[in-house]
Amino acid sequence: MTTVRLMWTRARRELPGSVLAVVLVFLVVLPVAFIVVAALSTEVPRPGDARIGTFTFDNFRILATSSGARSLVNSAVIGAGAALVSLVVGASLAFIAARTDAPWRRFIFIVGMAPMFLPSIVGSLAWSLLASPNTGYINIALRDLGLPITFDIYSYGGLIFVLGLYYAPYTFMLTYSSFSMVNSDLEEVAAVHGAGLGHLLRTVTLPLAVPALAGAAILSFTLAMENFPVNAILGNPANIDTLPTYIYRLMASSPVQANAAAGIAVALTATVIVATYAQQRVVNRKRFTTLTGKGNRPRPVPLRWGRWLATGFAMLYFLVSVVLPILALVATSTSGSVYISRIADVFSRGFTLERFSAAVSQADFRTSMVNSILVAVLAAVIGTAIAFSSSYVRYRTTSRLGQLLEQVSMSPLAIPQVVLGIGILWAWLTLPFPVYGTIAILVIATVAVTMPQAYRSVSASMLQLDADLESSAVILGARRFRAIRNITVPLMRTGIVSTLLLLLMLGMREMSAVLFLYTSDTRVLSILVFHSFENGSITFSAAISLVFVAIIAVIAIATQLVGIRERRFTDARV
């Protein structure tokens, strides 16, 4: 009897983790397995037919073709260039905001993160309007001034510039904390011994921030390698194929070369996994203790004559990454004339809301906006619930499945979104669930690709909450579920709401994972922007992009307000 009771107790203990493991298998593991199987076989799964053909390595031969090799080299070159731009810009802004006496540092902190709220597809669309060789606003202005300069955004340099520009905020966030925690005593010692600002940065400050800098560079390289929207919008006109766009071309060709696309997908995933592993190795191997138990308040580094120069650099970044793109979208969607030959024409022909109103009143726009909001809300709620449950099993129970849940939840970081989207397509076509062609499969894909962010966000809040409060309620007779509902969830409300809003914003932006999953009835805003641009409907694309940005901005502001409210609440309690 005792043995039976022990087995029952163990089964009850492992039941929640087992259910979550099954859910995560369907979300992440199964789609990746289908990609690998398709890459090693002659067939791909079809509705009601799970046959995969015969085993073969021939699908990987496409990497040795001129197109495959060129795509791989292009991805590596563009990824490395974007990582360098992101590192220089993001780390510089982080240092200025965290450690210097530059004016307007609080605003510079906002500037460092502001481009995150502009989806990369919108940023690339805006820069195609700004720096297209013939019709870009910047090039028209340069011709008006008589300057023999032409910027071509449809080039390797243009791709590297735009990707680096919009991944710089990730570097900013990763390095800001590192610079903030540098022990200024070390810098003062160097200064006392005669080190100038440049020598001090080169020999003291930057070496102490190496883990954060290296991690940020590898992260930017990984994100640029797997980015589809920017590479598609700015690379296609110049016939610059990267691995994600090459996969898309193979899947969109007639006949579809799905197995070859799977081979490319496996190669891209392997590259991202290696880069992610390298990031973890660098971060974990180089650890420097710069904040001691004595307490430390880093002193601002005096820039002297360079104070306003540093602030000017931040303002220039804000102008280039946010202001100019938004102005380009506004001008394109509200200008009295679509075609201009001089910048003065933008103003002389006046502004009108007629084309903007016509664009946003179209049925396609209304349907796509409703679909985007519905997908984002459902994915945010479901993703937050799964992340909370997985984190709870990992950190609040003795389940043996806790670490496995954590690893699977974080694994999509190493899987390119376009690859995971293809895997979800094949997996759910084979499974006996009628979700293809519905909003449900878009929700599944969005939950899968945003799971790492959800899990990390919820876990950070859970680790800050002492488990004794919940345990006390259980000891006093409350059931575990009631203790979670009445104690843990209310105390974690800020973290949960922040996670919900974060996933809502990410869900609204999502494009790569749903690229092969939508139908004409389930199209979302990001897909509508992409296809409208491809079809030449520039005004329509610009108009809906503005609405797109406005929705994301509202969500982002709401997230910040939640954080401010919680900080005030915490300060009041202290």
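Okay, let's start at Thr522, which sits in the loop between α22 (493–509) and α23 (525–534). Helices here are DSSP runs of H or I with at least four residues, strands are E runs of at least two, and both are numbered from the N terminus. A word on the source: this is a predicted model, where local features need pLDDT of at least 70, side-chain atom pairs count only at pLDDT 80 or more, and totals for chains, interfaces and linings use all residues. Residues are numbered from 1 along each chain as its sequence is written, and side-chain values use heavy atoms, with hydrogens and water left out.

Back to Thr522. Is Thr522 buried or exposed? Buried, because its relative accessibility is 4%; the cut-offs are under 20% relative accessible area for buried, over 50% for exposed and partly exposed in between, with a 1.4 Å probe and protein chains only. A polar atom of the Thr522 side chain lies 2.8 Å from the backbone nitrogen of Thr519. Setting aside neighbours within four places in sequence, Thr522 is in contact (heavy atoms within 4.5 Å) with Asn371, Gly437, Thr438, Ile439 and Leu442.

Next along is α23, and it's mostly covered: nine of its 10 residues are buried. Among them are Leu525, Phe530, His531 and Phe533. After α23 comes Gly536, with a positive phi near 90 degrees.

Now α4, residues 120–131. All covered there: 12 of its 12 residues are buried, including Trp127 and Ser128. How far apart are the end C-alpha atoms of α4? They are 16 Å apart, which agrees with the 16 Å that 12 residues should span at 1.5 Å a residue; the expected span takes 1.5 Å times one less than the number of residues.

On to a helix pair. The axes of α6 (residues 156–180) and α9 (residues 210–226) come within 9 Å and cross at roughly 155 degrees. Those axes are lines fitted to C-alpha atoms over the stretch in contact, and angles run from 0 to 180 degrees between N-to-C directions. So α6 and α9 are roughly antiparallel: that label is for over 145 degrees, with under 35 roughly parallel, 65 to 115 roughly perpendicular and the rest oblique. On the α6 side, Tyr167, Tyr170 and Leu174 are among the residues that meet α9, whose own set includes Ala216, Leu219 and Leu223.

Last, two loop residues. Trp104, between α2 (66–99) and α3 (105–113), isn't glycine but has a positive phi, near 65 degrees. Asn239, between α10 (229–235) and α11 (243–252), has a positive phi near 55 degrees, and Asn239 is exposed, at 69% relative accessible area.

Notes:
Polar contact = N/O pair within 3.5 Å; in protein donor to acceptor, adjacent residues only side chain to side chain.
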